[in-house]
Amino acid sequence: MRYALQRQYDGYQKTEVLWVQELDGINQFGPVIGPNPFDIAINKKYRLGHLVEYFYRYALDMDESLQCVEQNLQFFNKKRTIGEIDFLIRSGIVIHHVELVYKFYLFDSNVGHIALEHWVGPNRKDALVNKLDKIKSVQFPLIRNSQVSQLLELKGYNVDQIEQSVCFKGQLFVPFGEFIDAAPLNQDCIVGWYLNFDSIDKFKDCMFYIPSKLNWLVAPFTSVLWISYSNAKKEIEELIKNQRSPMIWVKRNHLIQKGFIVWW
């Protein structure tokens, strides 16, 4: 468990921010680089999003120039949730509202009309432009909500002086065998490819590993439990039937590649 957690932390740390400085009116904060090794035990299971928050908070706490003053600050109207602020971070005299995002996007030229619209989630239930719109139209305006701003003022924060940004990291995957210019996104975020299940026989001479969701963070390495093409195909086919696109690692000789097999 400890060894796996360290690899997940390393994978998170090495993931690039999805863009540098500003995109579509949204500024990047950081990234905040934490120390190695990761020396805090986590004794319960986390979903990927929660694990990423844990890693980010660890990096914040180890950075003497920053102070996390609030995390997962929730706001309610009676019993109805108004919204949540991921982090309030003090840098010098400035308070930053930072939304933390970690995503996996695949490039599909059949979706949308401009570059940013081509990036969708592995199961097509998520899209980059939708997330950007949510940040601008829902998450950032939250501090201007009258009830939220009053509560923040009671905590001693001047809402008018809070700066808003994101730490938005991501792994990008492109169609197998194609070169894609990721601009205006960070080209260094492209870490693998994707392929439709009907073409999986391209890897019939390979060994496979199907990582758990938490291990989607991890850079491929050799010492995992590799399975044969035939066994992997059966397992992947069951996922495909349920419209789930698994991440896979494939090993041919000494070369390991990372990608998705998609149902669409």
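Tutor: Start with touching: contact means heavy atoms within 4.5 Å. Keep in mind that this is a predicted model.

Student: Which residues does Gln8 touch, then?

Tutor: Gln8 touches Leu51, Phe55, Leu214, Asn215, Leu217 and Val218, with residues up to four places away in sequence not counted. Each of these has heavy atoms within 4.5 Å of Gln8, so each counts as a contact. Gln8 itself lies in helix 1.

Student: Why is Gln8 called buried?

Tutor: Its relative accessible area is 7%. Buried means under 20%. The value falls below that limit, so Gln8 is buried.

Student: Why is Asn253 called exposed?

Tutor: The relative accessibility of Asn253 is 69%. Exposed means over 50%, so Asn253 counts as exposed. Asn253 is found in the loop between strand 10 and strand 11. Its phi is near 60 degrees, a positive value in a residue other than glycine.

Student: And what makes Arg124 partly exposed?

Tutor: Arg124 has 34% relative accessibility. Arg124 sits in the loop between strand 6 (119–120) and helix 3. Phi of Arg124 is also positive, near 65 degrees.

Student: What makes a set of residues a nonpolar core?

Tutor: The members are buried residues of the listed nonpolar kinds, joined through side-chain atoms within 4.5 Å. The largest such core here has 38 residues. Tyr56 and Phe260 have the most contacts inside this core. Helix 2 gives the most to this core, with eight residues.

Student: Which residues does Phe260 touch?

Tutor: Among them are Phe104, Leu106, Phe173, Trp193, Tyr194 and Trp216. Ser245, Pro246 and Met247 are also on the list.

Student: What makes an open space a pocket?

Tutor: A pocket is an open set of points with protein on both sides within 12 Å along at least five of seven lines. The largest pocket holds about 1300 Å³ of space. It is lined by 38 residues, and Arg47, Gly49, Tyr102, Lys103 and Lys213 are the closest to its centre. Strand 5 gives the most to this lining, with six residues. By class, the lining of the largest pocket has 16 nonpolar, eight polar and 14 charged residues.

Student: What lies in the second largest pocket?

Tutor: About 330 Å³ of space. The second largest pocket is lined by 18 residues, and helix 1 supplies the largest share, six residues.

Student: What makes a space a cavity instead?

Tutor: In a cavity, a 1.4 Å probe fits but cannot get out. The count comes to one cavity of 30 Å³ or more. The largest cavity has a volume of about 40 Å³. Cys206, Val250, Lys251, Arg252, Leu255 and Gln257 line the largest cavity. Strand 10 gives the most to this lining, with three residues.

Student: Last one. Which peptide bonds are cis?

Tutor: The bond from Asn36 to Pro37 is cis, with omega near 0 degrees. A cis bond also joins Ala183 and Pro184, where omega is about 10 degrees. Pro184 is in the loop between strand 7 and strand 8.

Methods
Residues are numbered from 1 along each chain as its sequence is written. This is a predicted model: local features need pLDDT of at least 70, side-chain atom pairs count only at pLDDT 80 or more; totals for chains, interfaces and linings use all residues. Side-chain values use heavy atoms; hydrogens and water are left out. On a 1 Å grid over the protein atoms alone, a cavity is a set of points where a 1.4 Å probe fits but cannot get out, and a pocket is an open set with protein on both sides within 12 Å along at least five of seven lines; lining residues have an atom within 4 Å of a point. Grid points are joined across faces, edges and corners, and a volume is the space filled by probe spheres set on the points. Helices (H or I, at least four residues) and strands (E, at least two) are DSSP runs, numbered from the N terminus. Ala, Val, Leu, Ile, Met, Phe, Trp, Tyr, Cys and Pro count as nonpolar, Asp, Glu, Lys and Arg as charged, and the others, Gly among them, as polar. Buried means under 20% relative accessible area, exposed over 50%, partly exposed in between (1.4 Å probe, protein chains only).
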